[in-house]
Amino acid sequence: MTSAAVTSSAFTTAARGEAYPDSKKPIGSIRFQPLPLSPSYSNSRNISSRICAMAKPNDVETLSLSVDTSLSPRVKSLKPSKTMVITDLASTLVQSGVPVIRLAAGEPDFDTPQVVAEAGINAIRDGFTRYTLNAGITELREAICHKLKEENGLSYAPDQILVSNGAKQSLLQAVLAVCSPGDEVIIPAPYWVSYTEQARLADATPVIIPTKISDNFLLNPKDLESKLTENSRLLILCSPSNPTGSVYPKSLLEEIARIVAKHPRLMVLSDEIYEHIIYAPATHTSFASLPNMYERTLTVNGFSKAFAMTGWRLGYLAGPKHIVAACSKLQGQVSSGASSIAQKAGVAALGLGKAGGETVAEMVKAYRERRDFLVKNFREMEGVKISEPQGAFYLFIDFSAYYGSEAEGFGLIHDSSSLALYFLDKFQVAMVPGDAFGDDTCIRISYATSLDVLQAAVEKIRKALEPLRATVSV
């Protein structure tokens, strides 16, 4: 996706072309293909003027009116990923010379491990550049089966594994394979931005269950039980969590499993992409390993996060044979198999040792150091609440005490989107507003960047909050 824009109020209002509600006079608009989003700003200086200067005409508007180029209701109903919107905008600003600190993207700042990269290079040199089996090369699926057995206590055969172009594709295909119109997909909030939209693509209804920062953003089993109906088809769990970094303890997962077992139609989609990025004493438990959950669980994992392979686009699904076969049928009509080169690299990644061996352990050590630095500093900031993450590389920070404040030369800050815009526009720090994840009280920070960059970001955020404290009680 090449489109990007940051608006104020909720970025969704920009998608409808509405002006920033606190602006008295629109100043300009952003239009990055193919997602036109049009914010207006309180003043046109500094970054705002640079953003406005990037405006480009929408080529679609120049087409003849006699040609019907309208989009389908299915596509129009989808919301753009705010993570991608902010990430793309920050990158565009950097390319234009604006020194933005980018804390939006969930992407490791480490290079792919050398032995993994070499495996990909060797695949090219050896001519391993043709189509593979739709489900993935046998060598990789067997390696995944071995990994799941040794690390997760799960026994799968290669025909229960489907390799895809990233875990996102694996998730979408799983949702499409098991959900029907009218089904309900249960999603604890905060949630990863694509879960709700993937449910809608399947003509299912997302049912959101809020969690509390005081509970470390973990799903309360009683809340889950109260939301389940005969239409409940899929429960999506993500541990370690994006965007909160929360890790579900085994005892809590067991409580959830006992509730799931009471509902014959209810399946579980377990997103375990951050499995290896976890901080002791927290430990990871695969939901499918719990009693009576193996046949109900679709486990999704991949290589992007732990092995710093985001650009390789490689993920996989493990589950009941007939559901995996259905997902494979979908994939055969959408993309066919994953890159042959990436699959060879995946084999090498799984060969690094349990949990990625020392290579991944060194990355996790760096993430933990960064987490500890941020937790210490944000806990010292007045009016800021945090839950210490036990995994992944995100902080989900509650800044809601500053809502209602007014920034000179900017305007009213009334939600996570306007606060995120304030941080970007006035202090050049790009973060993702919490409303993208279903919790408008917070903002997500990715600490998948160097400690030096994080230190600079903390100072900018501290300075950004200072003038706001004079206008609200925190």
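**Figure 1. Salt bridges of the predicted model.** This predicted model holds 16 salt bridges. Side chains of opposite charge can pair when their charged atoms come close. One group of linked salt bridges forms a network that includes R371, D372, R379 and E388. The figures that follow present individual pairs.

**Figure 2. A salt bridge joins the side chains of D203 and R74.** The N to O distance in this pair is 3.5 Å.

**Figure 3. E225 and K262 form a salt bridge.** The closest N and O atoms of E225 and K262 are 3.1 Å apart. Helix α9 (residues 221-227) contains E225, and the loop between α10 (250-260) and β8 contains K262, so this pair ties together parts separated by 37 residues in sequence. With a relative accessibility of 36%, E225 counts as partly exposed. K262, in contrast, has a relative accessible area of 56% and is therefore exposed.

**Figure 4. K147 and E151 pair within helix α6.** The side chains of K147 and E151 meet in a salt bridge with an N to O distance of 3.3 Å. Both residues lie in helix α6, and because they are four residues apart, about one helical turn separates them. K147 is buried, since its relative accessible area of 7% is under the 20% limit. E151 is partly exposed, with a relative accessible area of 23%.

**Figure 5. Helix α6 packs against helix α12.** Helix α6 (residues 138-152) and helix α12 (residues 340-350) meet at an angle of about 30°, and their axes are 9 Å apart. Angles under 35 degrees count as roughly parallel, and α6 is therefore roughly parallel to α12. The crossing of α6 and α12 is left-handed. On the α6 side, the contact is made by E139, L140, A143, I144 and K147; on the α12 side, by Q343, K344, G346, V347 and L350. Sorted by class, the residues in this contact are five nonpolar, two polar and three charged. K147, one of the contact residues of α6, also takes part in the salt bridge with E151.

**Figure 6. Helix α7 packs against helix α11.** The angle between helix α7 (residues 167-178) and helix α11 (residues 321-334) is about 110°, with the two axes 9 Å apart. Because angles from 65 to 115 degrees count as roughly perpendicular, α7 is described as roughly perpendicular to α11. Their crossing is right-handed. Helix α7 contributes Q169, Q173, A174, L176, A177 and V178 to the contact, and helix α11 contributes I323, A326, C327, L330 and Q331. Eight of these residues are nonpolar and three are polar, while no charged residues take part.

Figure 7. L237 is found in strand β7 (residues 232-238). With a relative accessibility of 4%, L237 counts as buried. Leaving aside residues up to four places away in sequence, L237 touches P188, L219, Y248, L253, I256, V268, L269, S270, D271 and F287.

**Figure 8. T285 in the loop between β8 and β9.** T285 lies in the loop that runs between β8 (267-271) and β9 (297-302). T285 is buried, because its relative accessible area of 12% falls under 20%. Apart from residues up to four places away in sequence, T285 touches K250, L253 and L290. L253 is a contact of T285 and is also among the residues touched by L237.

**Figure 9. The protein as a whole.** The protein contains 15 helices and 16 strands. Of its 474 residues, 55% count as buried. Among contacts between residues at least 6 apart in sequence, 73% join residues at least 24 apart.

Note on methods
Residues are numbered from 1 along each chain as its sequence is written. This is a predicted model: local features need pLDDT of at least 70, side-chain atom pairs count only at pLDDT 80 or more; totals for chains, interfaces and linings use all residues. Side-chain values use heavy atoms; hydrogens and water are left out. Helices (H or I, at least four residues) and strands (E, at least two) are DSSP runs, numbered from the N terminus. Buried means under 20% relative accessible area, exposed over 50%, partly exposed in between (1.4 Å probe, protein chains only). Contact means heavy atoms within 4.5 Å. Axes are lines fitted to C-alpha atoms, for helices over the stretch in contact, and angles run from 0 to 180 degrees between N-to-C directions. Angles under 35 degrees count as roughly parallel, over 145 as roughly antiparallel, 65 to 115 as roughly perpendicular and the rest as oblique. A crossing is left-handed if the near helix is turned anticlockwise from the far one by less than a right angle, and right-handed if clockwise. Ala, Val, Leu, Ile, Met, Phe, Trp, Tyr, Cys and Pro count as nonpolar, Asp, Glu, Lys and Arg as charged, and the others, Gly among them, as polar. A salt bridge is a side-chain nitrogen of Lys or Arg within 4 Å of a carboxyl oxygen of Asp or Glu.
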